[in-house]
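Please keep the sequence and the model at hand while reading.

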Amino acid sequence: MSTRPRLVVGISGSSGPHFGVRLLEVMKARGTHEVHLVVTPGAALTMRHEMPERSLASIHALADVVHDDRDLAAPIASGSFLHDGMIIVPASMKTCGNLVACNAGNLLVRAADVTLKERRTLVVVPREAPLHLGHLRILSSLAEIGAVVLPPAIAFYHRPKTLEDAVDHIVGKCLDSLKIPHDLFRRWGS
């Protein structure tokens with residue numbers, strides 16, 4: 001058994017799997033955490049469309065442990081599985097809605113639900129725009145039940161030069177929410 005802190009990463013089926021993959025790359029390079037990954041079938045489909053240069057196997061290789069989204073008996077489905085936080089990046093509105101409704105029909109939502117019930121940090125990166133009132137109510141409900149809602153809003157104070165710089169800023173904000181040190185962007189005032 002690893003003595004490293006554990007991080008659970010979920011990638012669901014909305015546009016922007018780049019954020020989740022980049023997070024996995026950063027965590028792999030750091031080597032500080034045992035990373036557990038869940039990729040939904042919708043995310044795998046989106047990756048084929050938006051990241052055709054990357055195979056699902058190459059993305060799985062960035063994690064220490066990969067869990068099948070259908071396996072509700074996986075260790076991360078239990079509150080007794082200790083970890084230091086979970087992030088769903090990106091999070092589809094379907095995933096967000098299922099989480100608010102406690103509709104744990106897949107491992108991703110079950111693991112997130114367990115994270116919340118155990119009062120651990122859950123970061124949710126919703127990737128949808130524009131938002132209608134139903135979306136806003138779901139996101140508000142997520143915040144009320146304890147999730148950190150972190151939309152992938154691009155900032156410019158760090159002067160991004162490339163799309164990768166913008167992605168790194170969002171990934172850095174995710175890591176900040178999980179209290180994981182990084183140097184992915186220049187901080188305000190530095």
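## Second largest pocket

In this predicted model, the helices α2 (41-50) and α4 (93-100) each supply at least two residues of the lining of the second largest pocket. Of these, α4 makes the largest contribution to that lining, with 3 residues. The second largest pocket holds about 210 Å³ of space, and among the 14 residues that line it, those closest to its centre are Thr 40, Asp 69, Lys 94, Thr 95 and Asn 106.

By residue class, the lining of the second largest pocket consists of 10 polar, 2 nonpolar and 2 charged residues.

## Largest pocket

For the largest pocket the volume comes to about 300 Å³.

The elements that give two or more residues to the lining of the largest pocket are α1 (17-30) and α7 (163-177), and α7 gives the most, with 5 residues.

Which classes of residue make up the lining of the largest pocket? The residues there divide into 6 nonpolar, 3 charged and 2 polar, while the lining of the second largest pocket has 2 nonpolar, 2 charged and 10 polar residues.

Terms used. Residues are numbered from 1 along each chain as its sequence is written. This is a predicted model: local features need pLDDT of at least 70, side-chain atom pairs count only at pLDDT 80 or more; totals for chains, interfaces and linings use all residues. Side-chain values use heavy atoms; hydrogens and water are left out. On a 1 Å grid over the protein atoms alone, a cavity is a set of points where a 1.4 Å probe fits but cannot get out, and a pocket is an open set with protein on both sides within 12 Å along at least five of seven lines; lining residues have an atom within 4 Å of a point. Grid points are joined across faces, edges and corners, and a volume is the space filled by probe spheres set on the points. Helices (H or I, at least four residues) and strands (E, at least two) are DSSP runs, numbered from the N terminus. Ala, Val, Leu, Ile, Met, Phe, Trp, Tyr, Cys and Pro count as nonpolar, Asp, Glu, Lys and Arg as charged, and the others, Gly among them, as polar.
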